[in-house]
Amino acid sequence: MPPVSRTERAAEAWEALFRAQVAVMRRLAADDVWDELSMREYDVLFTLSRAPGRRLRLHDLNREILLSQPSLSRLVERLVVAGLVARECDPGDRRGTVVALTDRGARQQQSVGRRHAASIRRHVGPALSDDELDTLTELCAKLRGAQD
């Protein structure tokens with residue numbers, strides 16, 4: 001049997017990671033933790049909750065989540081109407097838009113987030129040891145960092 005090339009190993013590793021992510025995401029999506037939010041709306045609230053001042057430029061928010069710019073703009077507009085985020089002019093660049101998490105949005109994110117974390121613990125926790133969870137976190141951070 002010929003040795004597996006680096007390209008083949010990288011492709012296998014990526015496919016394994018991707019398939020695992022899809023399987024876990026389907027389980028998480030099926031859990032009854034989301035209230036009236038979609039997972040994508042929650043993702044925006046969660047991302048803003050971790051941002052400095054709970055604010056990000058729309059462009060920077062777009063880099064953090066898996067949506068096209070037009071889809072993100074429509075989603076943000078729905079969150080504005082719901083009172084969960086606010087749109088602001090970017091003080092450093094008047095052409096830019098800043099998306100800010102409102103207090104109501106923070107409360108919603110925290111409420112859903114507690115249930116979502118418990119769901120993650122149920123679906124991911126038993127599959128991996130503490131050391132494996134640490135290794136997975138390190139590997140994912142390293143992989144993500146290499147994309148910048």
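The model is predicted, and the values given here are computed from it. The largest pocket has a volume of about 2200 Å³, while the second largest pocket holds about 360 Å³ of space. Helix 5 takes part in both of the packing arrangements described below, one with helix 2 and the other with helix 1.

**The largest pocket**

- The lining of the largest pocket, which has a volume of about 2200 Å³, is made up of 38 residues, and those closest to the pocket centre are Q21, M25, D43, C140 and R144.
- Two or more lining residues come from each of helix 1 (6-30), helix 2 (39-49), helix 3 (58-64), helix 5 (103-124) and helix 6 (130-145).
- Among the contributors to this lining, helix 1 gives the most, with eight residues.
- Sorted by class, the lining of the largest pocket consists of 24 nonpolar, seven polar and seven charged residues.

**The second largest pocket**

- The second largest pocket is lined by R6, R9, A10, A13, W14, L17, L136, L139, C140 and L143.
- Helix 1 and helix 6 each provide at least two residues of this lining, and the largest share, six residues, belongs to helix 1.
- The lining of the second largest pocket contains eight nonpolar and two charged residues, with no polar residues.

**Helix 2 against helix 5**

- The axes of helix 2 and helix 5 come within 9 Å of each other and cross at roughly 105°, which means that helix 2 is roughly perpendicular to helix 5.
- On the helix 2 side, the contact is formed by Y42, L45, F46 and S49, which meet G105, Q108, Q109, V112, G113 and H116 of helix 5.
- The residues of this contact divide into four nonpolar and six polar, with no charged residues.

**Helix 1 against helix 5**

- Helix 1 and helix 5 pack with their axes 10 Å apart and at an angle of about 135°, and the two helices are therefore oblique to each other.
- The crossing in which helix 1 passes helix 5 is right-handed.
- From helix 1, the residues V24, R27 and L28 meet H116, S119, I120, H123 and V124 in helix 5, and by class this contact has four nonpolar, three polar and one charged residues.
- H116 of helix 5 takes part in the contact with helix 1 and also in the contact with helix 2.

Terms used. Residues numbered from 1 in each chain as written. Predicted model: local features only at pLDDT ≥ 70, side-chain atom pairs only at ≥ 80, totals over all residues. Heavy atoms only, no water. 1 Å grid on protein atoms, 1.4 Å probe; cavity = no way out; pocket = protein on both sides within 12 Å on 5 of 7 lines; lining within 4 Å. Points joined across faces, edges and corners; volume = space filled by probe spheres on them. Helix = DSSP H or I, 4+ residues; strand = E, 2+ residues; numbered from the N terminus. Nonpolar A, V, L, I, M, F, W, Y, C, P; charged D, E, K, R; others polar. Axes fitted to C-alpha atoms, helices over the stretch in contact; angles between N-to-C directions. Parallel < 35°, antiparallel > 145°, perpendicular 65-115°, else oblique. Contact = heavy atoms within 4.5 Å. Left-handed = near helix turned anticlockwise from the far one by under 90°.
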